[in-house]
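Here is a friendly walk through one protein chain. Have the sequence and the 3D view open as you read.

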Amino acid sequence: MTQKAVETLSQNPNGFFLLVEAGMVDKYEHPLDWQRALWDVLELDRAVAWAKQYAAEHPDTLVIVTADHGHSISVFGGYDYSKQGREGVGVYQDAKFPTYGDRKDANGFPLPETSWGIAVGFAATPDYCETFRGREVYKDPTISDGKGGYVANPEVCKEPGAYLRTGNLPVNSSQGVHTADPLPLFAFGAGSQLFNGLIDQTEIFFRVAQALGLNPYLGR
């Protein structure tokens with residue numbers, strides 16, 4: 001999609017602006033389904049790689065990669081899929097590198113098959129059962145308790161290796177929430193020198209305008 005959009009927009013002699021969003025990363029992390037969020041990140045990685053190559057061949061192009069908010073998700077180790085539950089978690093020298101690779105299906109999307117993955121945790125959650133594994137059929141992490149609150153989904157809790165994680169959000173919270181974590185920003189190409197250090201999120205738009213030459217006084 002990114003490649004086709006750029007090929008079409010680049011026919012404009014006055015240039016173009018294109019926003020590409022991996023929107024499902026956020027949609028998956030709300031229900032703590034970080035495995036599907038990871039596949040979306042891998043897809044975005046392919047789009048960014050193509051955009052960087054385009055920028056290298058078109059030196060008047062600026063590529064910016066960032067996110068608009070965080071979900072307090074942290075990778076704290078590796079995960080051995082030959083094991084179950086917490087016993088599959090490896091840390092420090094036992095973490096190893098994930099083996100997601102770059103195998104793709106017929107549509108060009110990365111395949112989730114792997115023997116060694118990552119161990120992930122969230123900082124802001126309701127009560128839910130952790131398995132460290134994805135599932136082909138999506139399941140909500142919580143279900144209603146019939147009293148205005150939510151409890152861990154018993155179907156997930158019955159899966160092999162599942163264990164209960166006590167949450168830290170109010171009992172009427174069914175999913176995870178956004179957090180105020182600082183986010184990385186990567187910039188490549190013309191004007192990328194304008195993006196450095198710690199900057200306020202709203203400042204990004206002013207620096208984009210400055211890089212585009214819309215107003216030399218924009219950007220601070």
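## Before we start

This is a predicted model, in which local features need pLDDT of at least 70 and side-chain atom pairs count only at pLDDT 80 or more, while totals for chains, interfaces and linings use all residues. Residues are numbered from 1 along each chain as its sequence is written, and side-chain values use heavy atoms, with hydrogens and water left out.

## The overall layout

The protein has five helices and nine strands. Helices here are DSSP runs of H or I with at least four residues, strands are runs of E with at least two, and both are numbered from the N terminus. The pattern along the sequence reads α-α-α-β-β-β-β-β-β-β-α-β-β-α.

Along the principal axes, the C-alpha atoms fill a box of roughly 60 × 40 × 35 Å. Of the 220 residues, 32% count as buried; buried means under 20% relative accessible area, exposed means over 50%, and partly exposed lies in between, using a 1.4 Å probe and protein chains only. Among contacts (heavy atoms within 4.5 Å) with a separation of 6 or more, 61% join residues 24 or more positions apart.

Two strands pair if DSSP finds at least two bridges between them.

Strand β2 (residues 73-80) joins strand β4 (residues 116-122) through seven antiparallel bridges, and serine 74 has glycine 121 in β4 as its bridge partner. With strand β3 (residues 89-90), β2 forms two antiparallel bridges. Here tyrosine 79 is partnered by valine 89, and glycine 78 stands opposite glycine 90.

Leaving aside neighbours within four places in sequence, serine 72 is in contact with Gly121, Phe122, Ala123, Ala124, Thr179 and Asp181.

Tyrosine 92 lies in the loop between β3 and β4. Is tyrosine 92 buried or exposed? Tyrosine 92 is exposed, because its relative accessible area is 75%. The phi of tyrosine 92 is near 55°, a positive value in a residue other than glycine.

## The enclosed cavity

How many cavities of 30 Å³ or more does the structure hold? There is one. A cavity is found on a 1 Å grid over the protein atoms alone, as a set of points where a 1.4 Å probe fits but cannot get out; lining residues have an atom within 4 Å of a point. Grid points are joined across faces, edges and corners, and the volume is the space filled by probe spheres set on the points. The largest cavity holds about 160 Å³ of space.

Its lining has 16 residues, with Pro31, Leu32, Asp33, Cys129 and Arg135 nearest the centre. Both α3 (34-57) and β5 (128-130) supply at least two lining residues, and β5 gives the most, with three. The lining divides into eight nonpolar, two polar and six charged residues, where Ala, Val, Leu, Ile, Met, Phe, Trp, Tyr, Cys and Pro count as nonpolar, Asp, Glu, Lys and Arg as charged, and the others, Gly among them, as polar. Leucine 32 belongs to the loop between α2 (24-29) and α3. Leucine 32 counts as buried because its relative accessibility is 8%, and its phi is positive, near 65°.

Threonine 142 has its place in strand β6 (residues 142-144). With a relative accessible area of 6%, threonine 142 is buried. A polar atom of its side chain lies 2.9 Å from the backbone oxygen of serine 174. Not counting residues up to four places away in sequence, threonine 142 touches Pro126, Asp127, Tyr150, Val151, Ala152, Asn153 and Ser174.

In helix α5 (residues 203-211), the buried residues are Glu203, Ile204, Arg207, Val208 and Ala209. These buried residues pack against β1 (62-65). After α5 comes glycine 213, with a positive phi near 75°.

Notes
On a 1 Å grid over the protein atoms alone, a cavity is a set of points where a 1.4 Å probe fits but cannot get out, and a pocket is an open set with protein on both sides within 12 Å along at least five of seven lines; lining residues have an atom within 4 Å of a point. A polar contact is a pair of N or O atoms within 3.5 Å; within protein, one must be able to donate a hydrogen and the other to accept it, and residues adjacent in sequence count only if both atoms are side-chain atoms.
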